[in-house]
Amino acid sequence: MKKGNFPDGFDLDMAPVRNFVRRLDSVFNESFKHLQKNFNLNSFPIDVKETNSEIIVHAELPGYSRDQVKLEITGNQLRIIVEDRRSFSEKDEQNSSYRHEESFQYKERVITVPFEIPEKETKASFKNGLLKVIIPKKNSKRKFINIDE
């Protein structure tokens, strides 16, 4: 039996190489997760669940207030936007100095569903840094088809 491009009788076990590559990928993935947390490069975590009647989106937004979160519906997409503006001013009259700092942070996630999102029936709540959006599926025009063998 011929294996790939190798001549007959040549048996090469690639399992150790595949295991090594998997471990290497795991190390890089874990390292970059920590790097993203330290430098705040990552966007916020989202969990999407589907039931028979609705799609439920949970977004973890600790440290943000309701006023910093915006939701936008465009067709079959839900866009979650988080903006954080901070300003700090300090005036030292004794040393005749003035210091002013501003920061702006913008994060967004887009969730696409397989039907047009009903704007009026979609409900959202924000409590203790957890955003919950419930998208009803009642007007869904989705159809499932059978797959022949």
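**A hairpin and what lies around it**

Author: Let us start with N128, which is exposed because its relative accessibility is 76%; exposed means over 50% relative accessible area, buried under 20%, and partly exposed in between, with a 1.4 Å probe and protein chains only. The model is a predicted one, in which local features need pLDDT of at least 70 and side-chain atom pairs count only at pLDDT 80 or more, while totals for chains, interfaces and linings use all residues. Numbering starts from 1 along each chain as its sequence is written, and side-chain values use heavy atoms, with hydrogens and water left out.

N128 sits in the loop between β6 and β7. Strands are DSSP runs of E with at least two residues, helices are runs of H or I with at least four, and both are numbered from the N terminus. Although N128 is not a glycine, its phi is positive, at about 50°. The two strands on either side make a hairpin, with 2 residues between them.

Now follow the strands themselves. β6 and β7 run antiparallel and are joined by 5 bridges; two strands count as paired if DSSP finds at least two bridges between them. Within this pairing, S125 faces K132 of β7. β7 also pairs with β2, again in the antiparallel sense, over 7 bridges. There, V57 has V133 of β7 as its bridge partner.

With 16% relative accessibility, T122 is buried. A polar atom of its side chain lies 2.7 Å from the backbone oxygen of P118. Setting aside neighbours within four places in sequence, T122 is in contact (heavy atoms within 4.5 Å) with residues including V133, I134, I135 and P136.

The largest nonpolar core has 17 residues. Such a core is a set of buried Ala, Val, Leu, Ile, Met, Phe, Trp, Tyr and Cys residues joined through side-chain atoms within 4.5 Å. V57, L61, L78, I80, L131 and I135 have the most contacts inside this core, and β2 (54-60), β4 (77-92) and β7 (130-136) each give it at least two residues. In soluble globular proteins, nonpolar side chains tend to be buried together.

L78 links several of the places we have visited: beyond residues up to four places away in sequence, L78 touches V57, V133 and I135, among others. V69, found in strand β3 (residues 69-74), is buried because its relative accessible area is 6%. Apart from residues up to four places away in sequence, V69 touches L61, I80, I81, F126 and L131. The C-alpha atom of V69 is 4.7 Å from that of V82, although 13 residues separate the two along the chain.

Stepping back, the protein has 1 helix and 7 strands, in the order α-β-β-β-β-β-β-β from the N terminus on. Of its 149 residues, 18% count as buried. Among contacts between residues at least 6 apart in sequence, 53% join residues at least 24 apart.

Methods
A polar contact is a pair of N or O atoms within 3.5 Å; within protein, one must be able to donate a hydrogen and the other to accept it, and residues adjacent in sequence count only if both atoms are side-chain atoms.
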